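This report describes a single protein chain from its overall build down to selected residues. The sequence and the structure come first.

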Amino acid sequence: MDNARLAEGLREHTAGFAGAVENADPEAKVPTCPEWPLRVLVGHIGQAHRWSASIVRDGPSPVPDPFDADPGEPGQWPGWLEQGAKDLEDAVEAAGDTPVWTFFGPQPARFWLRRMLHDTTVHHADAALATGKTFTVAPDFAADAISEWLDVLSDPGTANLKPAFAELRGTGQTLLLDPADGPGWLITRTPDGVRWDRGTATADVTLAGPVADLLLVLTRRLPADRVAITGDAALAEHWLARTAA
């Protein structure tokens, strides 16, 4: 997925997020982010876009607290969110192929465009679930979000970010994410961490369904029964309990 498509997706899901929270109660609870009222979820999105842009331009800075974000009054939310997304897009375009800081060592600036697209996509789903709005995601964005999240989980440094991620190590157990259309994701739990590849193969447990549903189940935005699970259901439950985004 090239930078133009990533930027298009960021704009699309930022706008979709803004539409989902339009005229909503800022103090409404977000069921899939139970510690956050809606205003904090909104603040997090705009704050994260601006923070990522600052990293691309100026280097690393401490991870901000979403409760410190100030998105303004609800009527200002759409413009504030759009401005943050554009700030990140402009920063990445200006940086070109220059390596920038990431959690996993220096990488091209597009790392942050991709990370923020998929973070925004999942939180767009949070906002839609909280306000009863419709959520949709294009299949190519959903598929890339799954691949990007598996990249994060398979990086050796990830276990240092969240203790539960270390529990994904195993002794060769396999999980297959099998979308209704297109190649799947074969995940292997090894003593050294998570490994994955695209394709279809026999696995200890298979989760099958539309790619958008697989993404939302993988990130714990939908219950596991939204997809078909065959094989070792306990293995799927163990994985899902430790991989919520």
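## Overall build

The chain holds eight helices and seven strands, where helices (H or I, at least four residues) and strands (E, at least two) are DSSP runs numbered from the N terminus. This is a predicted model, in which local features need pLDDT of at least 70 and side-chain atom pairs count only at pLDDT 80 or more, while totals for chains, interfaces and linings use all residues. Residues are numbered from 1 along each chain as its sequence is written, and side-chain values use heavy atoms, with hydrogens and water left out.

Along the principal axes, the C-alpha atoms of the chain fill a box of roughly 50 × 40 × 30 Å. The radius of gyration of the chain is 18 Å, in agreement with the value near 18 Å for a compact globule of 245 residues; the radius is taken over C-alpha atoms, and the globule rule is 2.2 Å times the number of residues to the power 0.38.

## Surface and contacts

The accessible surface of the chain is about 11200 Å², and carbon and sulfur atoms contribute 52% of that area. Accessible areas come from the Shrake-Rupley method with a 1.4 Å probe, and for residues only the protein chains shown count as cover. Of the 245 residues, 49% count as buried; buried means under 20% relative accessible area, exposed over 50%, and partly exposed in between (1.4 Å probe, protein chains only).

Among contacts in the chain with a separation of 6 or more, 64% are between residues 24 or more positions apart. Contact means heavy atoms within 4.5 Å.

## Nonpolar cores

The largest nonpolar core has 57 residues, of which Val-56, Leu-88, Trp-112, Ile-146, Leu-207 and Trp-239 touch the most other members. Helix α5 (residues 139-154) supplies the largest share of this core, nine residues. A second, separate core has 17 residues, including Ala-18, Trp-36, Leu-81 and Ala-127. A nonpolar core is a set of buried Ala, Val, Leu, Ile, Met, Phe, Trp, Tyr and Cys residues joined through side-chain atoms within 4.5 Å.

Not counting residues up to four places away in sequence, Leu-207 touches Leu-176, Leu-177, Asp-178, Leu-214, Val-217, Val-227, Ala-228, Ile-229 and Ala-236.

## Aromatic pairs

A pair of aromatic rings is described by the distance of the centres and the angle of the planes. Rings of Phe, Tyr and Trp (its six-membered ring) pair if their centres lie within 6.5 Å; planes under 30 degrees apart count as stacked, over 60 as edge-to-face and the rest as tilted. By this rule there are nine aromatic pairs. One of them is the tilted pair of Trp-51 and Phe-103, with 6.2 Å centre to centre and 40° between the planes. Trp-51 lies in helix α2 (residues 38-58) and Phe-103 in the loop between β1 (99-100) and β2 (107-108), so this pair ties together parts that are 52 residues apart in sequence. Trp-51 is buried at 11% relative accessible area, whereas Phe-103 is partly exposed at 35%.

Phe-103 also forms an edge-to-face pair with Trp-101, at 5.3 Å centre to centre and 65° between the planes. Trp-101 is partly exposed, with a relative accessibility of 33%. Ring pairs link Trp-51, Trp-101, Phe-103, Phe-104, Phe-111 and Trp-112 into a cluster.

## A charge over a ring

The charged end of Arg-198 sits over the ring of Trp-185, 3.9 Å from the ring centre. The criterion is that NZ of Lys or CZ of Arg is within 6 Å of the ring centre and within 35 degrees of the ring normal.

## Selected residues

Thr-14, in helix α1, is buried with a relative accessible area of 3%. Leaving aside neighbours within four places in sequence, Thr-14 is in contact with His-49, Leu-81, Glu-82, Ala-85 and Thr-120. Ala-180 lies in the loop between β3 (173-179) and β4 (185-190) and is exposed, at 70% relative accessibility. Ala-180 touches Gly-209 and Pro-210, not counting residues up to four places away in sequence.

Asn-23 has a positive phi, near 65°, in a residue other than glycine. Asn-23 is in the loop between α1 (3-21) and α2 and is exposed, at 76% relative accessible area. Phi of Arg-220 is also positive and near 65°. Arg-220 is in the loop between α7 (211-218) and β7 (228-231), and is partly exposed at 42% relative accessibility.
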